[in-house]
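Here are my notes on this model, kept brief. Please read them with the structure open.

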Amino acid sequence: MQAELLKWTRTFAITWSSQFAYRADFIMQVIGPALVFFLVKYNLWSSLFHLSGISQIQGYGQTQMLAYQAWVFLVTLLAQGYNNMNLSEDIRLGKISTHLIYPFSFWKFQTARFLSFQCIQILVAALTLGILVAFDLVEIPNWDHLAMGLAICMSVGVLWFVIAYVLGLAAFWLEETWVLRVMFVLICNFFSGAVFPLEIFPAWLRGILVYSPFPYLTSVPVQYLMGNLHQSVGSVFLAIGFWTLVAWAVAYLVWKNGMRNYAAAGM
Amino acid sequence: MISCELVTKNFRIYKKPGGFAQSIRSLWSREFHDTHAVRDFDLQVKKGEIVGLLGPNGAGKTTLMKMFTGIIVPTSGQLRVMGYEPAQRGIPFRKKIALVMGQKSQLWWDIPAIDSFLLLKAYYEIPSSDFRMRLNQLASVLQVEHLMDVHVRKLSLGERMKMELIASLLHRPEIIFLDEPTIGLDVISQKNIREFLISYQKQHGTTIILTSHYMADVEALCGRIVLILEGRKRFDGPIVDFGALLGREKFVSLVFSSSLDRQPAEWESYDPQWNLERTKVELRIPEKNMGAVIAEILTKFPVVDFYTEKLPIERVLETLLAKPQLISTMAQN
Amino acid sequence: MGTIKKYLSVYREFLGNSLAEATTYRLNFFLVMVMDLIFYATSLGSIDFLFQYVTKIGNWDRDHFLFFISFMLAVDHLHMTFISENFWSFSGDIRTGKLDFVLLKPISGLFICFFRLMRPGTVLNGVVPWTLLIAFGSRLGFGFWSWVSLLPMVLLALALMVSIEILITLFGFWTISSYGLNFLRLQFQQLARYPDFIYRYYFRKFFTIFVPVLAIGSGPVQFLFEQGLPGLTLWAGGALILISALIRITWRKGLAAYESASS
C-alpha cells in the first residue's frame with residue numbers, strides 16, 4: 001500500500017519538476033494565456049460593441065460578454081489544459097515498452113501525471129481569478145457556488161483527460177497525433193461555446209449540440225459559474241459522467257487493439 | 001590539414017537538486033557552473049593521416065570533432081582546418097568535409113535512402129555522371145545496391161550505417177570525421193565497415209579523424225593515436241608507441257591439464273596471477289625473452305592452451321583509464 | 001544565377017522528399033486536409049454567425065470582413081502547406097543535435113531549417129480560400145488593379161508572417177525548449193486574423209510598429225480595398241526588409257551560442 005502510494009507520489013513529483021525545468025516555458029505557460037486574454041479577447045469584444053454601435057447581442061451586453069469570456073478563460077484553464085503531448089511520442093518512439101515492464105501500469109502513470117498537472121492548473125486558475133476580480137471583470141459568486149463550480153470543472157477535466165488519452169493512443173496507428181488533437185480543439189472551441197455564447201448560434205445548430213458532449217466542456221460550467229444555468233447540478237454531473245464513461249469505453253477498446261498492434265509490430 | 005592551438009571549449013550547465021521545492025526555487029535562482037569540455041588542446045594533423053581520438057565517455061572527443069567541423073564555436077584558441085577557420089562555416093570549407101556520427105542519422109527517416117542521396121547531390125552540386133558513378137561504386141563495395149529503395153526506418157543498424165557512410169562520401173570530402181562509426185554494430189558489420197574505410201582511404205588518400213570505443217577499430221585503422229582525458233591531451237604519437245606505453249611486455253595466459261601445486265621460482269619476476277584452482281596462470285613476460293620462456297614452459301609443464309591476451313592498446317587504455325596518474329609519471333621518465 | 005539554380009534544385013528535392021514522406025502515411029495525409037477544412041469552416045462560421053446580429057463593424061460590412069478572413073485563410077493555406085512544419089521541427093533539430101548535419105551542408109543553414117519540410121497534401125485545400133476570395137472580391141466590385149495585385153499581396157502578407165515567425169523561432173537557440181516560442185507564434189497568427197481597426201489604439205500601434213503582426217493582413221488588404229498606396233501597405237514591405245536583416249543577425253548570434261546536444 002505504502003509502496004504503491006510512493007509510486008504515485010514519485011510520478012507526481014517528476015511531472016511537477018519537469019514542468020519547471022524550462023523556466024521561460026513555464027512562465028509563458030502561466031502568463032501567456034492570461035496576457036492573451038487581456039490583450040486580445042478583452043480588446044476584441046469591447047471594441048466590437050463600440051464599433052458596431054449596438055448595445056447587446058442575444059441578451060449579452062458588453063459587461064456580460066466580457067464576464068462570459070473571463071469565465072471561459074478560467075474554465076479552460078481548469079478543464080481543458082491537459083494535452084498529453086508526451087503520450088503519443090512515447091508510443092511512437094517505443095518508449096512505452098519501458099512502461100510495460102515497470103510494475104506500475106501505464107494507465108496509472110498517465111493518471112498520476114494528469115493529477116500533477118491539474119494541481120498546477122488549480123494554482124494558476126486561483127491566481128488568475130484573483131486578477132480578474134481585481135479588474136472587476138467577474139464577480140465571485142458565494143463560496144458554495146464557487147466550490148461546486150470547481151467540482152464541475154474538475155469533472156470536465158477528467159472527461160477531457162480521457163479524450164486526450166484516446167487521441168494520444170491514436171499514435172498506435174498514426175505517425176502524428178497532433179493533427180487529431182488540433183482538429184478536436186478546433187471543433188471543441190467552436191461548438192462548446194468558447195468562442196462566443198451558444199445563444200449566438202443558429203437555433204437548428206443549438207438543437208443538435210444539446211445531444212453532444214460539447215456544451216458540457218465549456219458553456220455549461222461557465223453558465224453555472226455566472227449563475228445563468230437553467231439545469232440542475234445533478235443533471236450536469238450525470239451528463240458529464242455519461243460522456244466520461246463513453247470516452248473511457250472507447251479508450252479501453254483503443255488501448256486493447258493498439259497493444260495488439262504494438263506487440264505484433266515487435267517494436 | 002588540421003592545426004589546433006590552445007583550443008578550449010566551456011559549457012554552462014545548471015544544477016537542480018531533486019524534489020518539489022527545489023523545482024520551484026529553480027525558477028528564479030539557478031546555480032550555473034562552467035564545465036571545461038576541452039582545455040588548451042594542441043593538435044597538428046597532416047594530409048592523408050588517420051588519427052584515432054581515444055578517451056572515456058565525456059572526455060571531450062565529440063566536442064573536439066564538432067569544433068573541427070564548425071558546428072560549435074571554440075571558447076578560445078586558434079583552429080584551422082585545411083586553412084579555413086571552421087567557425088566561419090564558409091561554403092568552400094563545408095564542401096570539403098564530412099562528419100559521420102554513429103548515434104545520429106542524417107538520412108530522412110521515412111523515405112528511401114536514395115531520396116536523401118539525391119538531396120545531397122543538389123546540396124553539394126555533384127554532377128549527375130559523377131554522382132551515379134560514385135553511388136554505384138560505394139553501393140557495390142558496401143553491398144547495399146538492393147537497399148537503395150527501401151525506407152530508411154526499415155533498414156538494420158548495420159545497413160543504415162553503410163548508407164550514412166555513402167551519404168558522407170558522395171561529395172568526396174578531403175577530410176572525414178568519424179564519431180563512433182561502428183557503435184552498436186555486430187562483429188561482422190564492424191569488420192565490413194573497417195575494411196571499407198581502409199580501402200577507401202588507400203584509394204583516395206582522405207584524411208580521417210576517428211573516435212571509437214572499439215580498440216579493434218583503432219588498431220585496424222589508425223597509424224596515430226591521441227589520448228584525451230578530461231578535455232586535455234595526454235598522449236599523441238604512433239600506435240606502436242602507445243601499445244608499448246607501459247613497457248615492452250606481453251601478457252601470456254597458460255592453461256594446464258591439471259592444477260599446479262608448485263610454482264617455479266623463476267616465474268616470480270613475471271608477476272604471476274593464478275586462478276583459484278591453479279589450472280591457469282597469467283604471466284607478464286618481457287618481449288625479448290618471450291620465445292625462450294614459452295618454449296621452456298611448453299616442454300616442462302602439461303600445457304593444454306596458451307594465448308597472449310587482448311590487443312596491447314586495449315590493455316594500455318584500460319590501465320591508463322583506471323590510473324591516469326601513470327601518464328604523468330611516464331611523462332617524467 | 002548558378003546559386004539560384006542550385007537552390008531551386010535543392011528545393012525540388014525537398015518537395016520530392018516531402019511528397020514521398022507524406023504519401024507514406026496516407027491516413028495522416030488525409031487528416032491534415034480535413035483539419036484545415038475544419039479550421040476554414042470555424043473561422044468563417046464565427047464571423048458569419050456574428051453578422052446575424054450586427055450589420056457593420058467600423059466601416060466594414062459582412063462582405064469586407066469575410067473577404068479579409070478569406071485573405072488570411074489564403075495566407076494561412078500557403079503557410080501551412082509550405083512552411084509551418086519547419087517551425088515545429090526546428091526545436092527538435094536543436095535538442096537532438098540534428099542541426100549538426102544542417103550546419104555541415106554547403107548551403108544556407110537558414111534555408112534548410114525553414115524550407116525543408118512541406119505538407120503537399122494540403123495544396124488542394126487552397127481551392128477553398130481562393131474561391132472565397134474571388135467571390136467576395138466580386139461582390140465588393142474589385143477593379144482591374146485589385147485583381148492583378150491579389151496574388152502579390154497574398155505573397156507579401158505570407159512573407160511578412162513567415163519572417164516574423166522565423167525570427168521568433170530562432171530564439172530557440174537560447175530557450176532550447178520551444179513551448180513558449182510556439183505559443184507566441186500561434187498567438188501572433190491569431191492576432192493577425194482580424195483587421196487592425198478591431199484593436200484599441202495603443203494596442204494597435206504597438207502591434208503595427210514594434211511587432212508588425214497587424215500589418216500582415218491589414219497592410220495588403222487595405223491596398224486591395226482602397227486604390228493608391230496606403231502607408232500601412234508600405235510599412236508591411238518595410239517591416240519585411242527590416243526583419244530579414246534581424247534574422248541574419250540572430251542566426252549568426254544563435255550559431256555562436258549553439259552547443260550541440262551531446263551524443
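1. Start with chain B. Helix α4 (residues 113-123) and helix α6 (residues 157-169) of chain B have axes that come within 10 Å and cross at roughly 15°. Axes here are lines fitted to C-alpha atoms, for helices over the stretch in contact, and angles run from 0 to 180 degrees between N-to-C directions. Helices (H or I, at least four residues) and strands (E, at least two) are DSSP runs, numbered from the N terminus.

2. A word on the source. This is a predicted model: local features need pLDDT of at least 70, side-chain atom pairs count only at pLDDT 80 or more, and totals for chains, interfaces and linings use all residues. Residues are numbered from 1 along each chain as its sequence is written, while chains are lettered from A and ligands numbered from 1 in the order in which they are written.

3. How do α4(B) and α6(B) run relative to each other? They are roughly parallel (angles under 35 degrees count as roughly parallel, over 145 as roughly antiparallel, 65 to 115 as roughly perpendicular and the rest as oblique). The crossing of α4(B) past α6(B) is right-handed (the near helix is turned clockwise from the far one by less than a right angle; anticlockwise is left-handed).

4. Now the residues. From α4(B) come B:Ala113, B:Ser116, B:Phe117 and B:Leu120; from α6(B), B:Met163, B:Ile166 and B:Ala167. Contact requires C-beta atoms, placed from the backbone, within 7 Å. The contact has six nonpolar residues, one polar and no charged. Ala, Val, Leu, Ile, Met, Phe, Trp, Tyr, Cys and Pro count as nonpolar, Asp, Glu, Lys and Arg as charged, and the others, Gly among them, as polar.

5. Helix α3 (residues 62-96) and helix α6 (residues 127-139) of chain C have axes that come within 9 Å and cross at roughly 150°. α3(C) and α6(C) are therefore roughly antiparallel. α3(C) passes α6(C) in a left-handed crossing. The contact includes C:Phe67 and C:Phe71 of α3(C) and C:Trp130 and C:Phe136 of α6(C). Its residues split into 10 nonpolar, three polar and two charged.

6. Check two phi angles. A:Gln58 is not a glycine, yet its phi is positive, about 50°. A:Gln58 sits in the loop between β1 (56-57) and β2 (60-61) of chain A. B:Glu125, also not a glycine, has a positive phi of about 50°. Its place is the loop between α4 and α5 (128-141) of chain B.

7. Buried or exposed? A:Gln58 is partly exposed, with 13 other C-beta atoms within 10 Å. B:Glu125 is partly exposed, with 17 C-beta neighbours inside 10 Å. Buried means 20 or more other C-beta atoms within 10 Å, exposed 12 or fewer, and partly exposed in between, with C-beta atoms placed from the backbone.

Terms used: Contact = placed C-beta atoms within 7 Å.
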